[in-house]
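Here is a short walk through one protein model. Take a look at the structure first, then follow the text from charged pairs to helices and rings.

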Amino acid sequence: MERRTLIGGLLLSSGIIGVRWPVAARGRRDSEANEEAMWRLRNAHEFFPKADFVRPADLLYQVGIVSQLALTACLVATGWSDDDCRRHVGQDVGKAFFLANGGGLQFHSESFARLMPLLSPYGRWRPPAAVDWRERGTIDADEVRFTVSRLLAAVRSHLVSADAKATRQ
């Protein structure tokens, strides 16, 4: 994990710095935002890798897309627009992770913390990947799938509980 990602996450989780939500977040209805967030989560499930890959880069690229869709679903549920996500987060899975956790997602995983630096930005694994293969080390595809499936479950739980809380109010 990069030092700046770690420090930023520590500052964010300790409350020393706050999450700055985009201006667009103020005008959206909760039901509309949650509906769009659930749509993103369904898309993340659709992209989830189901088969083995010839190239490890293909697995990392696909898992990056899945993680990004799931994490930005948490942001969309709080009022971010697709444009806000694109502008403020981009393909940075680490940034999306820390913003989602700052917005209430409760997902803490050592294996995802080890995976994040490989996934940020995930676009570098897009074919033809011009990345130093030594950077990725050894990747256990089953562990990667298990870790990302746990992320998807945590996001679903977060979105469902947030929707239930909004309905009660």
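The model is a predicted one. Begin with the charges. Seven salt bridges are present in the structure. Side chains of opposite charge can pair when their charged atoms come close.

Go to helix H4, which spans residues 82–88. Here Arg87 and Asp83 join their side chains in a salt bridge, with 2.3 Å from N to O. Both residues belong to H4 and sit four residues apart, about one turn of the helix. Arg87 is exposed, because its relative accessible area is 53% and the cut-off for exposed is over 50%. Asp83 has a relative accessible area of 35%, so Asp83 is partly exposed.

Arg87 and Asp84 are three residues apart in helix H4, so about one helical turn separates them. How accessible is Asp84, buried or exposed? Asp84 has 4% relative accessibility, and therefore counts as buried. Under 20% is the cut-off for that word.

These pairs belong to a wider set. A network of salt bridges links Arg40, Asp82, Asp83, Asp84, Arg86 and Arg87.

Now move along the chain to another charged pair. Arg114 and Glu143 meet through their side chains in a salt bridge of 3.0 Å, N to O. This pair links distant parts of the chain, with Arg114 in helix H6 and Glu143 in helix H7. H7 covers residues 141–168, and the two partners are 29 residues apart. Arg114 counts as exposed, because its relative accessibility is 51%. Glu143 is at 36%, so Glu143 counts as partly exposed.

Step back to the whole chain. How many helices and strands does the protein chain have? The protein chain has seven helices and zero strands. Read from the N terminus on, its elements run α-α-α-α-α-α-α. The protein chain has 169 residues, and buried residues make up 42% of them. Now take the contacts in the protein chain between residues at least 6 apart in sequence: 75% of these join residues at least 24 apart.

Next, see how two of the helices pack. Two packed helices are described by the angle between their axes and the distance between the axes. Helix H3 runs over residues 56–77. Its axis and that of H5 come within 9 Å and cross at roughly 30°. That angle makes H3 roughly parallel to H5, because angles under 35 degrees count as such. The contact draws on Gly64, Ser67, Gln68, Leu71, Thr72, Cys74 and Leu75 from H3. From H5 come Val93, Ala96, Phe97, Leu99 and Ala100. The crossing of H3 and H5 is left-handed.

Asp92 lies in the loop between H4 and H5. Asp92 counts as partly exposed, because its relative accessibility is 31%. Which residues does Asp92 touch, not counting those up to four places away in sequence? Asp92 touches Gln68 and Ser120. Asp92 and Leu119 are 27 residues apart along the chain, and their C-alpha atoms are separated by 7.5 Å.

Last, turn to the rings. A pair of aromatic rings is described by the distance of the centres and the angle of the planes. With centres within 6.5 Å as the cut-off, the count comes to four aromatic pairs. In one of them, the rings of Phe97 and Phe98 have centres 5.4 Å apart and planes at 65°, so this pair is edge-to-face. Phe97 has a relative accessible area of 7%, so Phe97 is buried. Phe98 counts as buried too, because its relative accessibility is 16%.

Phe97 also pairs with Phe107. This pair is edge-to-face, at 6.4 Å centre to centre and 85° between the planes. Phe97 lies in helix H5 (residues 93–102), while Phe107 lies in the loop between H5 and helix H6 (110–119), so the pair ties together parts that are ten residues apart in sequence. Phe107 is at 4% relative accessibility, and therefore counts as buried. Phe97, Phe98, Phe107 and Phe112 form one aromatic cluster.

Conventions. Residues numbered from 1 in each chain as written. Predicted model: local features only at pLDDT ≥ 70, side-chain atom pairs only at ≥ 80, totals over all residues. Heavy atoms only, no water. Phe/Tyr/Trp six-rings, centres within 6.5 Å; stacked < 30°, edge-to-face > 60°. Buried < 20%, exposed > 50% of the residue type's maximum accessible area, 1.4 Å probe, protein only. Helix = DSSP H or I, 4+ residues; strand = E, 2+ residues; numbered from the N terminus. Salt bridge = Lys/Arg side-chain N within 4 Å of Asp/Glu carboxyl O. Axes fitted to C-alpha atoms, helices over the stretch in contact; angles between N-to-C directions. Parallel < 35°, antiparallel > 145°, perpendicular 65-115°, else oblique. Left-handed = near helix turned anticlockwise from the far one by under 90°. Contact = heavy atoms within 4.5 Å.
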